[in-house]
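Colleague: I have a model open and would like to learn how to read its features. Could you walk me through a few of them?

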Amino acid sequence: MNNILGIEPSTRMVITSVFAVYTILLLVFGILSRRAMQNGKGDYLSKFYTGGRTTGVLMTAMMVSAGVAGAGVFMGVPGFTYKFGAIWMVCCFWSMTSNFMVLGLIGKRIGIVARRINAKTFIELFQHRYENSKTFSILASLVILFFLGAFAVSTITGGGRIFEILTGKDYRIGLAIFTALVIIAALTGGIKGVATAMIIQGIIMTVSVLVLFVMGVKSTGMSYSETVNKVLETYPSWFSPGDFSKAFGTVFSFAILWGLTTFTMPHVTMSALTYKDTKTLNNSIKIGTIVFAVWMLCLNGLCFIIKYKFGGMLGGEGQPTPDLAIPLLTVKAMPAWAAGLVLAGVCSAVQSSVGGMVVNLAGTVIGDLYKNLVNRNADENKLKNLNTVSIILISLIIFGFACKPPALLASLITYATGGMTVAFFHTILLGLFWKRANKCGAIAGISSGIIIYIVYDLLIKGKILVPMFGLNPVVIATAASTLIMVAVCYVTPKTPYGIIKTWFGKE
C-alpha cells in the first residue's frame, strides 16, 4: 500500500491527532446525551430506543441521512464506480430520495400509531399491526439480526480501513478501536446519543465533501471539464454501460434498492419513532434531502478525479482496495489537518451508523424477543442489565465477522439491504395503507421473500440462471412475495376491527 500512499510520518501524526481530538469530543457529547436521556420522560426502554420522542429537525434529518450513508456512500459506492464504471453514479443518485421515502411516505403515519400504542421498536410497531403474532415477530427479528447485522459488518469495515490509512497499522487494530467506540456511544446515550453525534458529523461531512471536491479538482492541475475529458479519452469503456438491457436492469434495480425502498431498513425507519411533531418531520425532509444531495453530487463528482489520479492501480495485488479511493484522495489532495478532519468525520459517521444499527439490534433482542415474547413483566433494572450485555455481545459479534472484510463493501451492503427489502417492503406498505393486510399474509410475504431471494441469488451466482432482464434478485423476490402476501390476505380472515381502528382511525 505504501508505494501509492507515500505519507510522511509527520503527516500521519497530524492526521491521527486531529482524529483523536475529534473522537474525544464526540464521546463528551455522548456523556451529555446520557444525562439528557436519564432526565427525559418515559420508561427506560422508551428513552433508550426512541429518545423520548422529542428529537428535533437536525437530529431527525441526520438519523435518516447518516443511517443510509455510512461507509456505503462515502467509500463503497465510489469504490464500485471506480472498478465497474460510471453507471454506478446513476444508481447511487437514487439515495437522495431517502429522506422523503422514510419521513415523507411513512413517517407521519408511523409516528401517530407508535404514540398510540407506545411502540418502542420497529418490530413492536408492526407486531401490533399483525395481531401480536409471535410467528411474525420471530421471523422479522431473525431477518433484522441476520441482514442488519451483515450491514453493520460492512459499515464498520469502512472505519477499520480508514484507520489503516490514518496510521499505517493493522486493519484489525482500528476495527477493535471502532468496536469499543460503538459500545461506548451506544451505552452512554442510546439512540439520542447516537443521533446527537450524527448532527455534528453531518455538518462536518457536508463542509468536508465540499472542500474535498474543490481541493480534488485543483490537485489534477486542470479544470474539472478537462479532467473528465481526459478520463473519457483514457478509459472510454469506463463510461459505457455495455448491453442496454443489462444496464437498464442494473439502474432500475438500484433505484429500488438504494432509493425507493430505503424505508425497509429498520435502523433508518426508527427515526420515524423519535421525531417531536409534524413541523419537525416536514423540515427534516427538506434539510435531509439537501444535505444528502450535497454529499451525492460531490462524491460522485470526485469519481472522475479518482479515476484520473489512480488509473488502474487500486485493487491490484498488494495494492489498496477501491473502497479506499476517497480516503486516498483526501490524504493526497488536502493539508494534513484538513485530511484528518475529513477522515475523522467519515470515521465518526461510520461509528454513528453502526451505533444506530447496534441499538436497533439490541432492541430486537431485548425489546422484541425477550420482553415481548419471553418475560413481559421484566423489571427496569433487569432490562437495563440485559440491554448492556446485548449491546456488548452484538458489537463483539460484528467485530468478529468484520475481521475478514469483503473485497468490496458495496457487495455486502447490496446483499444485506436486499434481504431487508424483500422481507419488509410489502409488510410495511401494505400494513400502513391497506386495511385487508393481515398476519397470515405478512408471514407468507416475509418467508417467501427471503426464500426466493436467497435461492434465486445462489442460482445466479452458480451460473445456473441468467438474471431476468438484468434485474437484481431483490426485484424479482420483492415482486413475487408481494403478490403472495396479497393472495394470502384475500383467502384468510380479516384483521380484527380494534387494530384497524387504531391504525386507520382519526382518533
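Modeller: Happy to. Let's begin with Ile 446, which counts as buried at 1% relative accessibility; buried means under 20% relative accessible area, exposed over 50%, and partly exposed in between, using a 1.4 Å probe and protein chains only. Ile 446 sits in helix α19, where helices are DSSP runs of H or I with at least four residues, numbered from the N terminus. Before going on: this is a predicted model, in which local features need pLDDT of at least 70 and side-chain atom pairs count only at pLDDT 80 or more, while totals for chains, interfaces and linings use all residues. Residues are numbered from 1 along each chain as its sequence is written, and side-chain values use heavy atoms, with hydrogens and water left out.

Colleague: Which residues does Ile 446 touch?

Modeller: Taking contact as heavy atoms within 4.5 Å, and not counting residues up to four places away in sequence, its partners include Phe 136, Ala 140, Val 143 and Phe 424.

Colleague: How do I read the packing of α7 and α8?

Modeller: Two packed helices are described by the angle between their axes and the distance between the axes. Here α7 (residues 122–129) and α8 (residues 134–167) pack at about 150 degrees, with axes 10 Å apart. That makes α7 roughly antiparallel to α8, a label for angles over 145 degrees. Axes are lines fitted to C-alpha atoms over the stretch in contact, and angles run from 0 to 180 degrees between N-to-C directions. In α7, Phe 122, Ile 123, Phe 126 and Gln 127 meet Phe 136, Ser 137, Ala 140, Ser 141 and Ile 144 of α8. The residues of this contact divide into six nonpolar, three polar and no charged.

Colleague: And how many salt bridges are there?

Modeller: Side chains of opposite charge can pair when their charged atoms come close. The rule asks for a side-chain nitrogen of Lys or Arg within 4 Å of a carboxyl oxygen of Asp or Glu, and by it the count comes to two. One joins Asp 323 and Arg 161, at 2.6 Å from N to O. Asp 323 lies in the loop between α14 (278–310) and α15 (325–333) and Arg 161 in helix α8, so the pair ties together parts 162 residues apart in sequence.

Colleague: Is Arg 161 buried or exposed?

Modeller: Arg 161 is buried, at 7% relative accessible area, and Asp 323 is buried at 0%.

Colleague: What about the pair of Lys 461 and Asp 457?

Modeller: Their closest N and O atoms are 3.1 Å apart. Both residues lie in helix α19 (residues 439–461), four residues apart, about one turn of the helix. Lys 461 counts as exposed at 57% relative accessibility, whereas Asp 457 counts as buried at 10%.

Notes:
Helices (H or I, at least four residues) and strands (E, at least two) are DSSP runs, numbered from the N terminus. Angles under 35 degrees count as roughly parallel, over 145 as roughly antiparallel, 65 to 115 as roughly perpendicular and the rest as oblique. Ala, Val, Leu, Ile, Met, Phe, Trp, Tyr, Cys and Pro count as nonpolar, Asp, Glu, Lys and Arg as charged, and the others, Gly among them, as polar.
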